[in-house]
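Here are my notes on the model, as promised. Have the structure open while you go through them.

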Amino acid sequence: MAVPQCTAPAASAVQPSPAAAPAPGDGLTLEARLAAVEALMSLRLDEAAVAHEVRTAHIDTTPVDLADVITVPLTPTLQPPTSTPQPGTPVAALLERARARMETDGWCAGALSDESGAVCLLGAIRKEAGGDRSLEADATSVVLDAIHRRFGHHVDSVPEFNDSWGSGHTPTRMLGEAASMADAQGL
């Protein structure tokens with residue numbers, strides 16, 4: 001026995017048609033047309049939000065306790081870098097140690113180091129130089145050269161460069177680049 005097929009479309013919910021957006025030739029200014037379109041879109045978004053609430057009201061949800069979901073520490077622990085090859089030259093080795101110090105101790109701006117032990121570019125170099133001012137000056141010079149190559153000659157000093165950043169990512173990266181440069185130059 002054949003089942004008769006219904007060809008009539010299902011009755012859809014009767015919704016009033018939204019007001020049409022103003023046409024470009026209706027004499028309104030651009031600002032007035034934009035305001036009218038914004039009001040129309042706000043109305044449509046409000047209607048969509050209400051429709052969504054109605055369609056999902058039957059779904060039972062329970063609040064999620066983040067302690068049940070998050071299983072890793074919220075703040076990453078600082079780990080020493082994994083087996084980085086040590087450069088063979090004194091300046092390159094100093095810059096690599098300064099980079100590692102900045103990664104482990106943290107970065108700061110406005111001072112050589114802060115009360116928590118974080119260091120700036122120059123502070124990391126100075127601590128790792130161990131009082132050897134000649135080695136410190138050579139390393140600082142290489143860092144400034146690396147900064148000039150990457151960012152241009154408008155940077156006057158290493159501390160100025162360090163203090164112009166909001167985080168230590170770029171200053172730390174510049175220590176690594178300077179270490180590579182020093183190693184390549186045999187310094």
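1. A word on terms before anything else: buried means under 20% relative accessible area, exposed means over 50%, and partly exposed is in between, with a 1.4 Å probe and protein chains only. Helices (H or I, at least four residues) and strands (E, at least two) are DSSP runs, numbered from the N terminus. This is a predicted model, so local features need pLDDT of at least 70 and side-chain atom pairs count only at pLDDT 80 or more, while totals for chains, interfaces and linings use all residues. Residues are numbered from 1 along each chain as its sequence is written, and side-chain values use heavy atoms, with hydrogens and water left out.

2. The overall picture. The protein chain has 7 helices and 0 strands, which reads along the sequence as α-α-α-α-α-α-α. Buried residues make up 26% of its 187 residues. The accessible surface comes to about 12,900 Å², and 59% of that belongs to carbon and sulfur atoms; these areas come from the Shrake-Rupley method with a 1.4 Å probe, and for residues only the protein chains shown count as cover. Taking contact as heavy atoms within 4.5 Å, residues 24 or more positions apart account for 53% of the contacts with a separation of 6 or more.

3. Have a look at α4. Of the 9 residues in this helix (residues 121-129), 7 are buried, so α4 is largely enclosed by the rest of the structure. The buried ones are Leu121, Leu122, Gly123, Ala124, Ile125, Glu128 and Ala129; note that Glu128 is on that list. What covers the buried residues of α4? The cover includes α3 (90-105), α5 (133-151), α6 (158-163) and α7 (169-185). Just after α4, Gly130 takes a positive phi of about 60°.

4. Next, α3 against α5. Two packed helices are described by the angle between their axes and the distance between the axes. The axes here are lines fitted to C-alpha atoms, for helices over the stretch in contact, with angles from 0 to 180 degrees between N-to-C directions. Those of α3 and α5 come within 9 Å and cross at roughly 75°. That makes α3 roughly perpendicular to α5, on a scale where under 35 degrees is roughly parallel, over 145 roughly antiparallel, 65 to 115 roughly perpendicular and the rest oblique. Pro90, Val91, Leu94 and Leu95 in α3 meet Leu135, Glu136, Asp138, Ala139, Val142 and Val143 in α5. By class, this contact has 8 nonpolar, no polar and 2 charged residues. For the classes, Ala, Val, Leu, Ile, Met, Phe, Trp, Tyr, Cys and Pro count as nonpolar, Asp, Glu, Lys and Arg as charged, and the others, Gly among them, as polar.

5. Then α5 against α7. Their axes come within 8 Å and cross at roughly 110°, so α5 and α7 are roughly perpendicular to each other. On the α5 side, the contact is made by Val142, Val143, Asp145, Ala146, Ile147, Arg149, Arg150 and Phe151; on the α7 side, by Thr170, Arg173, Met174, Leu175, Glu177, Ala178, Met181, Ala182 and Gln185. These residues divide into 10 nonpolar, 2 polar and 5 charged.

6. Now the aromatics. Rings of Phe, Tyr and Trp (its six-membered ring) pair if their centres lie within 6.5 Å; planes under 30 degrees apart count as stacked, over 60 as edge-to-face and the rest as tilted. The count comes to 3 aromatic pairs. Phe151 and Phe161 form a tilted pair, 5.2 Å centre to centre with 50° between the planes. This pair links Phe151 in helix α5 with Phe161 in helix α6, 10 residues apart. Phe161 is buried, at 3% relative accessible area, and Phe151 is partly exposed, at 28%. The rings of Phe161 and Trp165 have their centres 5.7 Å apart and their planes at 70°, so that pair is edge-to-face. Trp165 is partly exposed at 29% relative accessibility.

7. Thr89 lies in the loop between α2 (66-69) and α3, and counts as buried at 13% relative accessibility. Leaving out residues up to four places away in sequence, Thr89 touches Ala182, Asp183, Gly186 and Leu187. Arg97, in helix α3, is partly exposed at 33% relative accessibility. Arg97 and Ala179 are 82 residues apart in sequence and 9.3 Å apart in space, C-alpha to C-alpha.
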